[in-house]
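Reader: I am new to protein models and would like to learn how to read one. Could you walk me through it, feature by feature?

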There are 4 protein chains.
Amino acid sequence: MKPLNIGLIGYGFMGRAHSNAYRRVGHFFDLDHEPVLKAVCGRDKDQVGAFARQWGYESFETDWRKLVSRPDIELVDVACPNDMHKPIALAAAKAGKMILCEKPLAMNSLEGLQMTRAVEKAGVPNMVWYNYRRIPAVTLAHDLVAEGRLGRIFHYRAKFLQDWTISKDLPQGGAALWRLDAKVAGSGVTGDLLAHCIDTALWLNGGIDRVTAMTETFIKERKHNLTGKVQEVGIDDACAFLARFENGSLATFESTRYARGHKALYTFEINGEQASLCWDLHDLHRLQYFDHRDEGRLRGWRSIHVTDGDHPYMGKWWVPGLQIGYEHSFVHQVADFLDGLAKGKPTGPTFRDALQTQAVCDAVLRSARSSRWEPVRRY
Amino acid sequence: MKPLNIGLIGYGFMGRAHSNAYRRVGHFFDLDHEPVLKAVCGRDKDQVGAFARQWGYESFETDWRKLVSRPDIELVDVACPNDMHKPIALAAAKAGKMILCEKPLAMNSLEGLQMTRAVEKAGVPNMVWYNYRRIPAVTLAHDLVAEGRLGRIFHYRAKFLQDWTISKDLPQGGAALWRLDAKVAGSGVTGDLLAHCIDTALWLNGGIDRVTAMTETFIKERKHNLTGKVQEVGIDDACAFLARFENGSLATFESTRYARGHKALYTFEINGEQASLCWDLHDLHRLQYFDHRDEGRLRGWRSIHVTDGDHPYMGKWWVPGLQIGYEHSFVHQVADFLDGLAKGKPTGPTFRDALQTQAVCDAVLRSARSSRWEPVRRY
Amino acid sequence: MKPLNIGLIGYGFMGRAHSNAYRRVGHFFDLDHEPVLKAVCGRDKDQVGAFARQWGYESFETDWRKLVSRPDIELVDVACPNDMHKPIALAAAKAGKMILCEKPLAMNSLEGLQMTRAVEKAGVPNMVWYNYRRIPAVTLAHDLVAEGRLGRIFHYRAKFLQDWTISKDLPQGGAALWRLDAKVAGSGVTGDLLAHCIDTALWLNGGIDRVTAMTETFIKERKHNLTGKVQEVGIDDACAFLARFENGSLATFESTRYARGHKALYTFEINGEQASLCWDLHDLHRLQYFDHRDEGRLRGWRSIHVTDGDHPYMGKWWVPGLQIGYEHSFVHQVADFLDGLAKGKPTGPTFRDALQTQAVCDAVLRSARSSRWEPVRRY
Amino acid sequence: MKPLNIGLIGYGFMGRAHSNAYRRVGHFFDLDHEPVLKAVCGRDKDQVGAFARQWGYESFETDWRKLVSRPDIELVDVACPNDMHKPIALAAAKAGKMILCEKPLAMNSLEGLQMTRAVEKAGVPNMVWYNYRRIPAVTLAHDLVAEGRLGRIFHYRAKFLQDWTISKDLPQGGAALWRLDAKVAGSGVTGDLLAHCIDTALWLNGGIDRVTAMTETFIKERKHNLTGKVQEVGIDDACAFLARFENGSLATFESTRYARGHKALYTFEINGEQASLCWDLHDLHRLQYFDHRDEGRLRGWRSIHVTDGDHPYMGKWWVPGLQIGYEHSFVHQVADFLDGLAKGKPTGPTFRDALQTQAVCDAVLRSARSSRWEPVRRY
């Protein structure tokens with residue numbers, strides 16, 4: 001096994017999820033490379049040091065430029081807030097490092113395009129952490145669509161519902177709440193949640209042609225954690241849009257952080273001429289599947305418990321009937337990336353794939369402002 | 001259409017359910033006979049009169065012997081408490097009337113045997129109101145088992161859970177609460193609820209060979225509505241038993257009125273070598289079905305919404321997707337009875353079928369007393 | 001009990017549903033009026049005659065003008081295809097009859113406005129058969145919203161999914177398939193299915209301010225049953241729209257007849273600051289309810305089995321735990337109408353209420369053509 | 001952090017699950033001790049060597065006696081087949097090692113008693129891997145019962161259903177199939193699956209007083225992997241029993257490997273006077289809870305998504321809404337054990353706790369042979 005030296009930037013929720021994936025992948029997958037936790041970087045010396053100890057990083061840095069320039073780092077993992085993705089990615093590409101970047105790729109398509117060009121020019125392996133593709137039930141859904149099981153596709157619908165920002169006393173900005181700060185996050189639910197929905201949709205159902213959208217900010221002002229002042233909220237609290245796919249199917253997308261009762265309810269459904277399927281992050285180990293070719297009186301939605309040995313990835317884990325969780329999607333993504341590395345093949349979603357998702361996000365936000373249907377730019 | 005003159009005895013919950021079925025059957029089923037609501041009988045003149053008016057009975061009686069002897073009555077429907085089933089059935093058989101009897105058939109097998117012999121000797125059409133056989137999803141379950149779809153049967157499990165007698169302040173006896181009075185009801189949940197489970201089980205899975213049971217009376221004393229005194233409670237509040245079917249399968253049965261949160265949760269499940277199915281009265285329009293012959297990675301429990309035109313009985317009602325309810329099972333049973341009448345064939349469950357259910361109930365109660373496995377007598 | 005003489009026009013699916021409601025309402029509800037099935041009208045003499053016999057109508061007509069002019073008819077029930085609603089309603093109003101009209105009220109708002117003015121001018125009781133308001137779980141949802149249980153409303157989402165027109169071999173037009181014929185139906189899923197969603201939404205969540213929509217006709221040509229020729233399909237097979245309510249909440253609506261696996265999946269969800277609820281026609285006896293005021297670690301979506309005595313309408317039916325079905329919503333609507341009649345009060349949805357639903361439908365179809373946000377006209 | 005040197009015996013399914021737990025616990029829990037993977041032991045040198053490399057064990061042994069006697073081993077983890085639990089535990093206790101033992105504790109109560117006496121005499125920390133107690137939803141269930149939320153308990157029901165041995169072509173015995181070999185496993189589903197159900201039941205609902213049981217072996221003969229001959233199958237394929245708890249509640253238990261459609265469906269339900277709850281291993285992150293104290297018309301079963309920060313263990317993992325899986329229960333058990341170690345307190349289930357579960361299993365198997373109610377011996 002060849003070591004692969006990782007340098008992680010950011011030690012929040014995603015820093016933990018990625019570290020966990022690096023730590024675990026070798027116990028379950030047979031790979032040519034073994035991730036080595038070489039360094040982690042964060043601005044707060046005490047906190048990043050504690051993180052390094054907890055996860056077994058060999059060293060830590062407080063300046064990302066230093067980490068990127070370290071010769072012993074082969075792969076830079078960008079797990080910090082959105083506004084830092086571009087400068088880090090550009091520097092890492094220039095330094096010839098492989099790059100794994102948290103989603104959304106960038107603050108907007110323009111940034112995303114620059115980043116994509118940079119990694120492509122540098123010829124470095126690159127990937128974006130749209131992890132939900134690697135939940136086994138979602139991968140199975142993809143396989144079924146790709147095999148043509150569903151026939152002609154008529155409809156796609158997705159939503160991502162949360163309820164954690166309903167309280168008007170919640171402040172914005174700072175370490176834990178940067179997602180509410182437009183300057184750091186770029187957008188609200190569109191880049192945070194809908195980006196996931198869009199990535200999956202493009203992967204399952206092909207390109208989106210045009211969209212019409214609406215956004216809303218329900219709480220107009222919140223105290224800002226960094227300034228201490230009550231400031232206008234710049235992000236979208238909720239966003240919904242209609243879309244036309246290139247294959248002629250129609251879609252509805254919706255996301256909000258004001259759907260009381262839903263913590264992380266990402267769902268999608270796809271209706272084809274012969275079969276339909278739907279999935280739900282709150283019970284992520286199940287895929288609902290309906291096949292019109294079943295005998296008439298016995299047709300019904302099948303609740304497939306995606307934990308069998310012949311289900312994607314599941315042969316690597318426990319025994320049938322025993323479910324895995326959210327975090328395993330990151331392990332699978334690392335396993336696939338390392339497998340691609342061994343074979344010299346890119347592993348999706350690449351920066352270019354994620355750029356296209358960014359283009360849809362941009363069209364959505366543009367439509368919300370223009371109140372018109374907006375075409376999606378193709379990259 | 002030939003009229004069929006009905007005389008109903010009892011005007012409680014079941015009197016309403018039966019009247020409703022007679023009133024409706026002709027609007028949805030094409031039959032040779034039309035039920036005519038000739039007379040209803042009850043002891044309270046005012047109440048039975050009001051009932052007759054509400055449901056359109058042509059007349060009413062306060063003495064069941066009089067109703068049974070009326071020459072214009074062709075069919076006697078016994079919908080009164082259990083202790084009156086035998087005398088009425090014997091008299092009606094003697095008078096040459098057809099008899100439909102509420103379940104359980106009798107207070108015990110001995111009574112049931114006398115009643116069965118009486119109707120068989122008289123040669124009158126007879127049927128017992130185990131209505132759940134005619135819920136379309138249950139009928140479909142029966143069809144699938146009968147076709148051999150499930151293969152060899154390994155397991156059967158059924159339960160009927162309620163929670164309406166948990167309060168110790170609830171009295172026993174009298175019009176609304178005769179089911180708590182052992183002298184009138186014969187037994188508690190065994191005859192009231194498990195009898196339903198057993199009827200379905202015998203119909204789906206064949207004979208039961210032997211059982212071991214336990215019963216419990218959680219509230220030992222309750223005020224009696226008729227005497228006004230606190231008296232010992234004679235019925236079983238809960239009953240569970242293990243059983244061996246003649247086909248070699250194993251079973252568990254359970255019933256209680258102390259299962260907080262369940263109003264009328266009758267469920268059954270049957271596991272065969274090739275397929276399994278389960279059903280639940282709280283969502284009675286669905287059948288859960290699992291077929292091992294489905295492609296491996298796509299196996300799952302199918303939730304069949306039993307509302308299509310090719311589902312049992314459903315072609316007579318509305319359009320696919322629109323569910324019917326509890327009461328429709330009675331309409332179906334009347335339709336089948338009238339169909340059998342036209343064809344000169346008995347319609348199950350007959351008195352003899354219901355006698356066998358009674359035999360299982362008797363064995364269960366005997367085992368609860370003896371603390372031993374008890375064989376089920378075959379009739 | 002005072003008789004109320006009904007004249008029904010149309011004897012299809014809805015003619016049966018209404019007749020069933022008239023026949024049943026008196027057995028379960030205590031009312032001052034008793035519907036009398038005086039006459040039914042249809043163009044095919046044999047078929048309408050058979051219908052009259054099956055449901056016990058005293059007479060039948062083949063010319064609706066004749067029925068409307070009969071002095072013994074007090075209430076005209078319009079249950080024929082959409083293109084005939086206006087002429088019949090205008091004539092019936094002129095004749096001073098009460099009018100119950102199937103939904104959608106009219107082919108478009110203009111027609112609807114004429115009809116509304118006619119009944120208001122004539123001062124006759126009027127109501128439109130948006131029956132889903134009277135499914136007990138939906139009524140309970142309304143009660144909870146009306147009581148303010150949910151707090152400020154953020155989101156509304158509804159969809160009505162079917163799959164019965166996917167086959168391209170299905171013809172359009174004629175008795176059974178007039179819903180596919182734009183000249184008779186006015187529109188496709190918008191008037192047929194979304195109209196239901198909109199009626200409920202307006203009732204629960206108040207007025208809709210503006211919409212942006214898209215429609216699609218997946219199968220462009222179908223054989224026409226009346227002409228025998230392959231003709232362009234003029235209806236919308238699918239329609240989705242975004243909406244802004246007057247109360248500031250955001251909504252998504254969608255309907256299609258191309259959602260494989262769904263027969264009649266009408267669902268709605270409403271998210272409020274304090275609580276959320278959702279409902280589903282495929283399990284119509286349940287209401288899902290989430291209350292943020294529950295103790296934190298015990299919060300969860302409650303699956304309320306709406307069959308208790310203290311649930312809307314349910315005290316009139318059977319016992320807790322035993323579900324009713326689709327058809328009962330019509331019984332409830334008749335009961336409420338007769339109750340309103342006795343009290344001299346209008347019963348919603350009146351023609352005017354339904355006119356507002358029509359106005360939303362019009363704006364939706366207008367937006368689908370203009371590709372712009374369209375305001376909803378207020379009536 | 002103090003190192004804690006682990007010596008693992010067995011490298012099958014459970015060897016992986018335990019190793020995974022040791023590897024992960026320190027990343028998520030703040031503890032005084034850090035497990036060090038010192039050595040793993042197995043009979044096949046190549047295989048145990050590969051396992052050691054994959055999981056990072058510092059060394060491996062092929063003779064368990066050698067591992068037990070190594071002075072650098074502080075804790076012996078017994079993860080090999082049942083027939084080896086006793087000799088290893090006795091030797092490890094004698095050597096003064098802490099012992100974690102896979103379930104069931106022993107082949108029978110007699111062995112279990114010897115083992116319990118040995119660890120208690122040696123005064124070494126000991127624990128048995130009944131891991132399901134530490135699934136957060138199960139722990140929450142325990143908390144609710146312990147707080148008295150449910151009131152007086154009336155009913156307990158549990159089942160553990162699988163379907164992996166239905167094929168008669170499946171052989172018995174040897175590495176992967178020792179669970180079918182009575183000489184190695186001791187019993188079939190009783191020790192393998194019901195033991196889990198019993199452990200949870202005793203923990204939640206107190207002691208079991210007496211039982212009546214039945215067992216069945218559906219496939220009487222299977223080829224034996226070690227002898228190559230077709231031999232009688234000695235284990236129970238299925239087992240069901242009725243039980244009386246000391247608190248007066250009634251119970252049904254069932255387990256089988258012949259329930260087509262269920263892979264690992266462990267479910268339990270408990271009905272109390274005030275509230276009920278149920279849980280299901282196939283959706284292990286949810287707890288169903290019904291509380292009679294809720295407002296009448298809004299009562300319903302709550303589906304609690306046990307992923308919030310105030311749910312047991314969940315504050316250590318990701319964010320609300322994101323589920324964990326099966327394996328995490330082992331991580332929690334190690335965390336609790338290490339926490340107990342730091343505090344000098346035993347962590348349940350201890351050997352003595354597990355001995356009581358064994359006593360119930362023994363009574364069950366005894367009853368299946370005697371066809372009588374059998375008392376459970378108290379230890």
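This is a predicted model: local features need pLDDT of at least 70, side-chain atom pairs count only at pLDDT 80 or more; totals for chains, interfaces and linings use all residues.

Reader: What counts as a helix or a strand here?

Author: Both are DSSP runs numbered from the N terminus: helices are H or I with at least four residues, and strands are E with at least two. The expected span of a helix is 1.5 Å times one less than its number of residues. Take helix 1 of chain D, residues 13-28: its 16 residues should span 22 Å, and the end C-alpha atoms are 23 Å apart, which agrees.

Reader: Where is the kink in helix 1 of chain D centred?

Author: A bend at a residue is the angle between axes fitted to the seven residues ending there and the seven starting there. In helix 1 of chain D, the kink is about 30° and is centred on D:Y22.

Reader: How many residues of helix 1 of chain D are buried?

Author: A residue is buried if 20 or more other C-beta atoms, placed from the backbone, lie within 10 Å of its own, exposed if 12 or fewer do, and partly exposed in between. For helix 1 of chain D, 12 of the 16 residues are buried, so this helix is largely enclosed by the rest of the structure. Among the buried ones are D:M14, D:H18, D:Y22 and D:V25.

Reader: Which elements do those buried residues pack against?

Author: Two residues are in contact if their C-beta atoms, placed from the backbone, lie within 7 Å. The packing partners include helix 1 (13-28) of chain A, and also strand 1 (2-9) and helix 9 (328-343) of chain D.

Reader: Now for sheets. In what order do the six strands of the open sheet in chain C lie?

Author: Strands of a sheet pair through backbone hydrogen bonds, either parallel or antiparallel. Here two strands pair if DSSP finds at least two bridges between them. In chain C, the order is 3-2-1-4-5-6, with parallel pairing. Strand 3 (59-61) and strand 6 (126-128) of chain C are at the edges with a single partner strand each, so one side of each has no neighbour in the sheet. From one strand to the next, the twist averages 25°; such angles run from 0 to 180 degrees between N-to-C directions, with axes fitted to C-alpha atoms, for helices over the stretch in contact.

Reader: How many bridges join strand 5 of chain C to strand 6 of chain C?

Author: Three bridges join these parallel strands, and C:C101 has C:V128 as its bridge partner. Helix 1 (residues 13-28) of chain C lies across strand 1, strand 2 and strand 4 of chain C, at about 155° to strand 2.

Reader: What does an antiparallel case look like, say strand 13 of chain B with strand 14 of chain B?

Author: Those two strands pair over five bridges, and a hairpin joins them through two residues. B:N271 stands opposite B:S276 in strand 14 of chain B. Strand 13 of chain B also pairs with strand 7 of chain B, antiparallel, over eight bridges; there, B:N271 is the partner of B:H155. Six of the eight residues of strand 13 of chain B are buried.

Reader: Which residues does the cis peptide bond in chain A join?

Author: That bond joins A:G348 and A:P349, with omega about -5°. A:P349 is in the loop between helix 9 and helix 10 of chain A.

Reader: Is D:Y313 buried or exposed?

Author: D:Y313 counts as buried, with 21 C-beta neighbours inside 10 Å. Its phi is near 70°, a positive value in a residue other than glycine. C:S371 has phi near 60°, but C:S371 is partly exposed, with 14 other C-beta atoms within 10 Å.

Reader: How many residues does the contact between chain C and chain A take from each chain?

Author: The contact takes 31 residues from chain C and 31 residues from chain A. Strand 12 of chain C gives the most to the chain C side, with four residues.

Conventions. Residues are numbered from 1 along each chain as its sequence is written. Chains are lettered from A and ligands numbered from 1 in the order in which they are written.
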